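I am opening a notebook page on a structure that is new to me. I want to look at the whole chain before I turn to single residues.

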Amino acid sequence: MMRDSRLSNVLHALLHMAEIEGPSTSEALARSMRTNPVVARRLMAGLRDAGFVVSAKGHSGGWVLSCALSQITLGDIHRALGSPALLAIGHRSEQPGCLVEQAVNAALGEAFHDAEQLLLRRLDQVSLAQLSQDFHRRMQACGLHIEELKHAHE
């Protein structure tokens, strides 16, 4: 089953952007997301429309964060990506007139809805600043310095 990793990819790229000075090119972002630059530009365009990043054209252009990490939640990013489905499971819909299928779908539908609402509330409680702090704690625990990681991702 395919998983939608756009949210995780974009969060990864945004945290990289927060660590560097100056703009990040679509090519550099694509490398950090392990995708191609067209996909990176499309994802960044949604974030630009939401006001989280800005782009600059030209030789030294690229993408830059346009607000503080503390002002952006994971839920904000999820919505900026078009609110993709959070759960990879769904209903059976082969025989909508089947009473058993209706009963199963009603029970699952309520459970799916409740789980999704809980997850959305949690995403709205976590800021990019909190992710960045966790990253820095992990880096420090490993005895690494930010400069070492910058070179590893170039």
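The entries below go from the overall fold to a few residues and then to a pocket.

**Ground rules.** I note that this is a predicted model, in which local features need pLDDT of at least 70 and side-chain atom pairs count only at pLDDT 80 or more, while totals for chains, interfaces and linings use all residues. Residues are numbered from 1 along each chain as its sequence is written, and side-chain values use heavy atoms, with hydrogens and water left out.

**Overall fold.** I looked up the secondary structure and found seven helices and two strands, where helices (H or I, at least four residues) and strands (E, at least two) are DSSP runs numbered from the N terminus. Along the sequence their order is α-α-α-β-β-α-α-α-α. The protein is more spread out than a compact globule, because its radius of gyration is 19 Å, well over the 15 Å that the globule rule gives for 154 residues. For that comparison the radius is taken over C-alpha atoms, and the rule is 2.2 Å times the number of residues to the power 0.38. I also noted that the C-alpha trace spans about 60 × 35 × 25 Å along its principal axes.

**Surface and contacts.** Of the 154 residues, 30% count as buried; buried means under 20% relative accessible area, exposed over 50%, and partly exposed in between, with a 1.4 Å probe and protein chains only. The accessible surface comes to about 10000 Å², and carbon and sulfur atoms hold 55% of it, by the Shrake-Rupley method with a 1.4 Å probe. Among contacts (heavy atoms within 4.5 Å) with a separation of 6 or more, 60% are between residues 24 or more positions apart.

**The strands.** Which residues does Leu65 touch beyond its neighbours within four places in sequence? I found Leu14, Met17, Ala18, Phe52 and Val53 in contact with Leu65, which lies in strand β2 (residues 62-65) and counts as buried at 19% relative accessibility. Val54, in strand β1 (residues 53-56), is partly exposed at 43%. Leaving aside neighbours within four places, Val54 is in contact with Gly62, Trp63, Val64 and Ser66. The C-alpha atoms of Val54 and Ser66 are 6.0 Å apart, although twelve residues separate them along the chain.

**Two loop residues.** I checked backbone angles and noted that Arg34 has a positive phi of about 55 degrees although it is not a glycine. Arg34 sits in the loop between α2 and α3 (37-49) and is exposed, with a relative accessible area of 78%. Ser83, also not a glycine, has a positive phi of about 55 degrees; Ser83 lies in the loop between α4 (74-80) and α5 (99-125) and is partly exposed at 41%.

I then looked at the second largest pocket, which holds about 220 Å³ of space. Eleven residues line this pocket, and the closest to its centre are Asp4, Pro84, Ala85, Leu86 and Leu87. On a 1 Å grid over the protein atoms alone, a pocket is an open set of points where a 1.4 Å probe fits, with protein on both sides within 12 Å along at least five of seven lines, and lining residues have an atom within 4 Å of a point. Points are joined across faces, edges and corners, and the volume is the space filled by probe spheres set on them. The lining divides into eight nonpolar, one polar and two charged residues, where Ala, Val, Leu, Ile, Met, Phe, Trp, Tyr, Cys and Pro count as nonpolar, Asp, Glu, Lys and Arg as charged, and the others, Gly among them, as polar.
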